[in-house]
Amino acid sequence: MTGREMGSSGEIWVIAEQRGGKVAEVSLELLGKGRKLSRELDLTLSSVLLGDGVERAADELVFHGAEKVYLFEEERLGYYQGDAYARLLTDIAREHGPEIILIGATEIGRELAPRVAARLGTGLTAHCIDLHIDEVDGTPRLVHMVPGWGGNLVMHVVCSEKRPQIVTVKPGILPKPERNEDNKGEIVRVKPRLRADDFSRMETVEVVEETAEGIPLEPAEIVVCAGWGMNALGDLSKAKELAGVIGGVVAGTRPATDRGWVGEDQMIGQSGRSVRPRLFISLGASGAMHYTTGFTGSQVILAVDKNPQAPIFQVADIGIVGDLGEVLPCLIEELKKTG
Amino acid sequence: MGLDILVCIKQVPDPDHFSEVRLDARTGRIVREGIPAIINPLDRNALEEALRAKAKVSGKVTAISMGPPQARKALEEALAVGADRGVLLCDTAFAGADTLATATALFCAVRKLGRFDLIFCGNETVDSGTAQVGPQLSELLDIAQVSGVREVSYTGDNTLEVKRVLEHGYMRVRLKLPALLCVTKDTNQPRLPTVQSIMEVAGKEMITWTATDIGAPREHVGLKGSPTCAVGVYESKSGRRREIMQGSTEEKVRRAVTRLRELGAI
């Protein structure tokens, strides 16, 4: 896998996801990683964008590192359409033969990627946390790093023969590249040539936005996450007060979400959100792997729990062992005092 | 005339015991001895949705699983809550399959079983959690498919409409049968077996098939049929400071805040 193979366009593709013309954060994160890989492998970093009235989104992809954008614009492609998107992407992949295709492991991406991969009969690795080039059995390969067993272990996966190799990457793990309006890229307009059978078996007829109950987690600088241990306090008021004092947003573990303290959109962990804030504060969560995998990228982690043996202290920078009922008011006072 | 409904089920290790999974430092293999096996939780939702479709429209529910001989227990559980027939794909030729090779084995079995109007899968498993086998199977069968389904409405003889989850919202998708739906936990509340339904298990059909039985080419299933393969497993290491604050509550908190400031976190 050193650079361009026979019959290949010599490209890495990032399949961009957009909703209402706005590019998903994970697509930009993938451009950052794609840029790095494209340099190491001497490949061109291209992106593929489908939608309706998404020209500005195409520019955003260029500003974030895409050297080329294949742009499908069509009224009927405004919403994600399972059959149509899968066919168009499969056709253009067959035509250009990219080496690697990166897709965000979003709700849509996790459906679209396996559909395209199955059509192409190629390999697909799910929800990676990172990718790097490494020598495997004497050949440089793209190594897909996949968290397994609740995040306890990391598998290294390769796709040795089939091309393109397709990988989905978990949102919120890789850093977003800097936006630069001076970046130049080629916008390649592709005529979608839709067919009746693209919509005859299935069609998305509406996209309904549901406002999250809380503030979106991903852009937050500080996240305060409540675990089951907050039960002892009866409610989340102290966690909210703490977040208020330091300008953070409140999130929850799976048990806290199941208890109805926070919405699904505010749940941290393998089946929820991944965040990497400047400061992550874990309150009363023991530190199960499927939870900790959702914030491993945080710059600094503070954990409070009453059990000194809790695994959370193994993945935290700063640990306070103690009763939340005592520690939290004290922490709030201390932070108020020092501003 | 009713619906022919298929439910794909996987037997998985109980996630409550995941922290007991260790790497054998000598062999580099995953040690998972003694971890109890359960039906993948979302596959119970898939089964429930299949049983509801049968109740609503009439039909027959087949539960299928690929796995070792003990995966038969998962299928028996499916029969105990109301599935009509169980199919176990069991062969060493299936071992080491990635998601494409798994979907291929299921595809071969479906081809042998005949045509299905509706196929339900759990949206993802708790062990590998790829959410890939359902969509891949639908592509091999060349039928419509939706993942992340949280609500199913039967709108006509051959049509249905689903709500499919998105980040901060949902999509309404109209589908024509045959279709494959991957369901989430919000779809329904899975039922429990009754004394009556458990009694009925004995009279139900349970099939075990090998790769040869379903005409699955050996180069397309199991490890051989897998385009991807794991080349290493590593324990995820935390590069964290792991500083535990000492003293009274006030002292611990004061020290923690001082450290957070030194680290530039606040």
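The structure described here is a predicted model, in which local features need pLDDT of at least 70, side-chain atom pairs count only at pLDDT 80 or more, and totals for chains, interfaces and linings use all residues. Residues are numbered from 1 along each chain as its sequence is written, while chains are lettered from A and ligands numbered from 1 in the order in which they are written.

The model scores ipTM 0.91 and pTM 0.86.

Helix packing was examined in each chain. Helices (H or I, at least four residues) and strands (E, at least two) are DSSP runs, numbered from the N terminus. Axes are lines fitted to C-alpha atoms, for helices over the stretch in contact, and angles run from 0 to 180 degrees between N-to-C directions. In chain A, the axes of helix α3 (residues 82–96) and helix α4 (residues 109–120) come within 9 Å and cross at roughly 50°; α3(A) and α4(A) are therefore oblique to each other. Their crossing is right-handed, the near helix being turned clockwise from the far one by less than a right angle (anticlockwise for left-handed). The contact (C-beta atoms, placed from the backbone, within 7 Å) involves A:G82, A:Y85, A:A86, A:L89, A:T90 and A:A93 of α3(A), together with A:E111, A:L112, A:R115, A:V116, A:R119 and A:L120 of α4(A). By class, these residues comprise seven nonpolar, two polar and three charged, where Ala, Val, Leu, Ile, Met, Phe, Trp, Tyr, Cys and Pro count as nonpolar, Asp, Glu, Lys and Arg as charged, and the others, Gly among them, as polar.

In chain B, α3(B) and α4(B) pack at an angle of about 50°, with their axes 9 Å apart, and are therefore oblique to each other. The crossing of α3(B) and α4(B) is right-handed. Residues of α3(B), including B:L100, B:A103 and B:F107, meet residues of α4(B), among them B:V133, B:L137 and B:L141. This contact has nine nonpolar, four polar and no charged residues.

An open sheet of 10 strands has the order β13(A)-β11(B)-β10(B)-β9(B)-β12(B)-β8(B)-β1(B)-β6(B)-β7(B)-β13(B), with mixed pairing; two strands pair if DSSP finds at least two bridges between them. β13 of chain A and β13 (205–209) of chain B stand at the edges, each with a single partner strand, so one side of each is left without a neighbour in the sheet. The twist averages 30° from one strand to the next. Within chain B, six bridges join β1 (residues 3–8) to β6 (residues 59–66), and these strands run parallel; B:L3 has B:G59 as its bridge partner in β6(B). Between the chains, β13 (residues 202–209) of chain A and β11(B) run antiparallel and are joined by seven bridges, with A:E206 opposite B:R172.

The contact between the chains takes 71 residues from chain A and 64 residues from chain B. On the side of chain B that touches chain A, α6(B) gives the most, with nine residues. That side of chain B divides into 33 nonpolar, 17 polar and 14 charged residues.

Conventions. Contact = placed C-beta atoms within 7 Å. Parallel < 35°, antiparallel > 145°, perpendicular 65-115°, else oblique.
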